[in-house]
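This report covers the fold, the ligand shell and the nonpolar core of one protein model. The sequence and structure come first.

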Amino acid sequence: MASAFGILRIRRVQSLPEQAEELFVLCEPFVFNTHLFPISPQPYWSMLAMNFRGPFRIRADRNRPDPEIKHPYDAIVRVTRSLICGSDLHLYHGLVPDTRVGMTFGHEFTGVVEAVGSGVQKLKVGDHVLVPFNIACGTCPFCKQELYGNCHESNPEATAVGGFFGYAHIAGGYDGGQAEYVRVPYADVSPTVIPKGMDIEDAVMLTDVTPTGYQAAEQGGIQKGDTVVVFGAGPVGIMSARCAWLFGAGRVIIIDRLEYRLEFAKKYAYCEAYNFKEMDDPVLFLKKATDWYGADVCIDAVGCDATGSTLQNILGKKLLLEAGNATALHWAINSVKKGGIVSVIGVYGPPWNLVPMGSLMNKGITLRGNQASVKRLLPKLIDHVMSGRLNPKGLISHRIPLEEVPDAYHMFSAKRDNIIKPLLIPPRAYAA
Ligand SMILES: NC(=O)c1ccc[n+]([C@@H]2O[C@H](COP(=O)([O-])OP(=O)(O)OC[C@H]3O[C@@H](n4cnc5c(N)ncnc54)[C@H](O)[C@@H]3O)[C@@H](O)[C@H]2O)c1
Ligand SMILES: [Zn+2]
Ligand SMILES: [Zn+2]
């Protein structure tokens, strides 16, 4: 992948004006690709990849640097499928601190191993793998507890989350899979060879959204016959509702404002579905629907991009005085019963949020949340998929060439064209 002569790598400087950066890239082959410059091999800038240019600005660039092995435990993977997640929308909307210009997003992908570092023992060139979104070392105290989303080694920037592919620098700053190639650190730990007979679309859905929905239900501690309310009928919320039945729920209710998603959720997750735009007060509505006790378990599958409160929109999304809009979490805390459990799977970034602490304390609520621990859940979920109990690919609504990634983001963000989950297909996905 590196050029025969070596090409001087032009470091992307964040303050470099966009036009100047483009000019450099244009001139690069003429100026530097010559014997007069004896330069050690550097990545060749040839890859098609998504390129973040700032909030609401995404490009598909053909001149991104090909990744290279930087550590003996690395692998290079040629991406075969990737997805856009609701978590990517938080980055796209500018809600996550330290999201840097020039970053390639994408934390849900499958790919073929093209190269491995000298320390990689399990993965082989040619393996077709699904790559969990958490980057985990496998040996730190948190990985040992199977908290793979909280690895202590893979993210030098934070004490909360571990490293993730294609997220902000608060998650380690690794480039992600909305690209033709990705560098995969700790390649022997989480990447998993796609089981024989598994559809590639099911496989890519196992890298995040399926384990995430499952963990949302698991964190809820659902008991047989429980009433579970899920806020958010995006792919994560719909999968949470579907998985709530696996834990023995007796009744599952989903809440959103988008009619097409509620209709979809009813069929996919066999649940009741209600539109909060048609309610004066969603908390009152849910109390009434649960004999005035409240739900046993509430799941927040919305996170910091919620709507439904003008005050929180202004404070969190316009003025950035809190970490986005915490309205769904607010509703979840207020509509769960006394002694109930609130499971937070929707993402909130630093620094803080306005949540009703008094209700939480005085109602004796248990609040549980985390990033999904994908590797921990994979064996169970592979079994559910292979036996037909779960059908993750049924959530994929759009299949879009990687070249059209800006349109895909726009459509997903604006919830156009009845979009549920968009899949990206890179041009080299089918290469031999
Ligand atoms: N914890 C994890 O490991 C993990 C992994 C993946 C995604 N996530 C998070 O899960 C959340 C959902 O992801 P997604 O891909 O389904 O996103 P999405 O944007 O497709 O769906 C979010 C849905 O929430 C709805 N919504 C907005 N405000 C609401 C409110 N007040 N009440 C109820 N519904 C409301 C929206 O209309 C939308 O349908 C995001 O915050 C994402 O970052 C977490
Ligand atoms: Zn995700
Ligand atoms: Zn670790």
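## Strand pairing

Two strands pair if DSSP finds at least two bridges between them. Helices (H or I, at least four residues) and strands (E, at least two) are DSSP runs, numbered from the N terminus. By this rule β5 and strand β9 (residues 192-193) run antiparallel and are joined by two bridges. In that pair, leucine 130 faces threonine 192 of β9.

Strand β5 (residues 128-131) also pairs with strand β4 (residues 109-116), in the antiparallel sense and over four bridges. Here glycine 111 is placed opposite valine 129 of β5.

## Model and overall fold

The model is predicted: local features need pLDDT of at least 70, side-chain atom pairs count only at pLDDT 80 or more, and totals for chains, interfaces and linings use all residues. Residues are numbered from 1 along each chain as its sequence is written, while chains are lettered from A and ligands numbered from 1 in the order in which they are written.

The protein has 13 helices and 17 strands. Of its 432 residues, 49% are buried (20 or more other C-beta atoms within 10 Å of the residue's own, with C-beta atoms placed from the backbone). Among contacts with a separation of 6 or more, 72% join residues 24 or more positions apart; a contact requires C-beta atoms, placed from the backbone, within 7 Å.

## Shell around ligand 1

Ligand 1 is surrounded by 33 residues, the closest being Gly86, Ser87, Gly234, Gly303 and Val347. A residue is near the ligand if its C-beta atom, placed from the backbone, lies within 6 Å of it. The shell has 16 nonpolar, 13 polar and four charged residues. Ala, Val, Leu, Ile, Met, Phe, Trp, Tyr, Cys and Pro count as nonpolar, Asp, Glu, Lys and Arg as charged, and the others, Gly among them, as polar.

At least two shell residues come from each of α2 (86-92), α6 (235-246), β11 (251-256) and α10 (327-335). The largest share, four residues, belongs to α2. Domain 2 (57-208 + 376-389 + 396-425) and domain 3 (209-369) each supply at least three shell residues; the domain bounds come from an automatic or database domain assignment.

## Nonpolar core

A nonpolar core is a set of buried Ala, Val, Leu, Ile, Met, Phe, Trp, Tyr and Cys residues joined through C-beta atoms within 7 Å. The largest has 123 residues, of which Val77, Val228, Phe231, Ile254 and Ala265 touch the most other members. Helix α6 gives the most to this core, with six residues. Domain 2 and domain 3 both contribute residues, so the core lies between them.

Leaving aside neighbours within four places in sequence, isoleucine 254 has contacts that include Val230, Ala233, Gly237, Ala241 and Leu262.

Notes. A residue is buried if 20 or more other C-beta atoms lie within 10 Å of its own, exposed if 12 or fewer, and partly exposed in between; C-beta atoms are placed from the backbone. Two residues are in contact if their C-beta atoms, placed from the backbone, lie within 7 Å.
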